[in-house]
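Please look over the model shown below, with attention to its aromatic rings and to the charged side chains around them. A short briefing follows, grouped by topic.

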Amino acid sequence: MEVVDLNGLPSSDSMIANKLNQEKDALSSDLVVSPAVLASVDDANVDSANAGKRSIGGSADNVGSASDLTFEDDAMDEEYDYLNDDDLSDTDVIDYEYNFYADDAEYLKLQAQFDCVDLPPGVEATVPWLQDPSKIEKFLASAASSSSASSSLKAATSSTVRMGEEIDDVLRKFIYFKQFDTVTDCSDHYFMNYKGSAPLDTKSWVKKIQDEWKILEQNLPENIYVRAYESQLYLLRAVIIGPAGTPYHDGLYVFDVFFPAAYPNHPPLVHFHSNGFRMNPNLYDCGKVCLSLLNTWNGERNEMWLPNKSTVLQLLVSIQALILNAEPFFNEPGYEKIFRGVDGTKKSRDYSEDVFIKSLKRMMIIIRNPPQHFEDLVSGHFRIYAHDVLTACKAYADGAAVGCNVKSWLQQGDNAPKPGSVRFKSEISKIMTPLVKCFVDHGSKDCDEFRS
């Protein structure tokens, strides 16, 4: 297979335009062609040239990116043999070439409609699908029951079906929000003006950071979202959605990461955007993250940062699984041994209840002041999960344990256990009113049943 270098080709504008103009001239002089046909060739000329810019990457707007063009030698040989057949008339050659370039122009016109469309993985779109917004709603509705659909897609469709509303821009942006992406502006990053060890600009250091990007892009689990900074390779931001079954459920937890000059021999620095709340024994209100993997806490050798083995992906998954867990009270060193039995259970319950109240307050803060580059995630997430959060709050106010399976708890009716403390039930009832108002102001449309 022969690979053609794009640098050796004429610009897409002139290449396509010249081909079509040649065919138009030939047809005009040798054949009787209606004005409508010639006009369509002119339209194809302009449209295909513009489409060529986008699909080949030659536009002034830099839409699209250059890619390798490959040609099968056998196909080219067949075309050459056909066009050099002695029995082939001039008209046959003209018809062949006109159809070839007309098809090419039509293909480029079609391609241009897809170049800037960001579809979910596995989705094959047709032109009518893109032109008819109702097709998007039908597709998303069918995806809600699909086992292969992403969690965000399922959540969006389930919420839409429940609310009976159309998929609007907020939900579309949420559905298409990438788990990993690169951005430019890092003005609100915690480490933007960090005066510590300056990052290196060596090839090995840059390659290591790029390797981290690749690992994240290909392996991020659901509910972890990352943005890397093109102009500041030493910065990174991650948002982790609080896991179900924990007092952190449905909350958004923002972490800023800094890669020092000694990386990967030394671990990255991590700052938690606490909004002034102590959310965990490992997450301080000042933003400190206490974790063996960061060498900010003692641990076994295999729990510490291991150069050229430990990764940022490992770090984020550790925060999600080890810190944002079902019983954060016992993250405090020694508490598992000190507090046992009924006393330990009660203290753990009280701690989790306190964490959930703080989590609700943080939700309202983040909705009003979303982290940069995650605005679409915040808007869509709380638009969709507001009903679930409020349903859980109502169950907790009725005595359910924080983090329990609320649906199963409700199904038990009068036989459902009610271990929630009196204090917690009172606090939940108080915060419901401002929480509902915040969700409604934010655009949630299925919160009326929770208004007091």
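**Aromatic and charged side chains**

One aromatic cluster is formed by Y190, F191, Y194, Y234 and F258, where rings of Phe, Tyr and Trp (its six-membered ring) pair if their centres lie within 6.5 Å, and planes under 30 degrees apart count as stacked, over 60 as edge-to-face and the rest as tilted. This is a predicted model, in which local features need pLDDT of at least 70 and side-chain atom pairs count only at pLDDT 80 or more, while totals for chains, interfaces and linings use all residues. Residues are numbered from 1 along each chain as its sequence is written, and side-chain values use heavy atoms, with hydrogens and water left out.

Aromatic pairs
- Across the whole structure, a search finds 21 aromatic pairs.
- One of them joins F177 and Y225, whose ring centres are 5.7 Å apart with planes at 55°, so this pair is tilted.
- Both F177 and Y225 are buried (under 20% relative accessible area, with exposed over 50% and partly exposed in between, for a 1.4 Å probe and protein chains only).
- Y335 and F339 make an edge-to-face pair, because their planes stand at 80°, with ring centres 5.0 Å apart.
- Y335 is partly exposed at 25% relative accessibility, whereas F339 is buried at 18%.

Charges over rings (NZ of Lys or CZ of Arg within 6 Å of the ring centre and within 35 degrees of the ring normal)
- The charged end of R227 sits over the ring of F374, 5.5 Å from its centre.
- K288 lies over the face of Y284, 5.5 Å from the ring centre.
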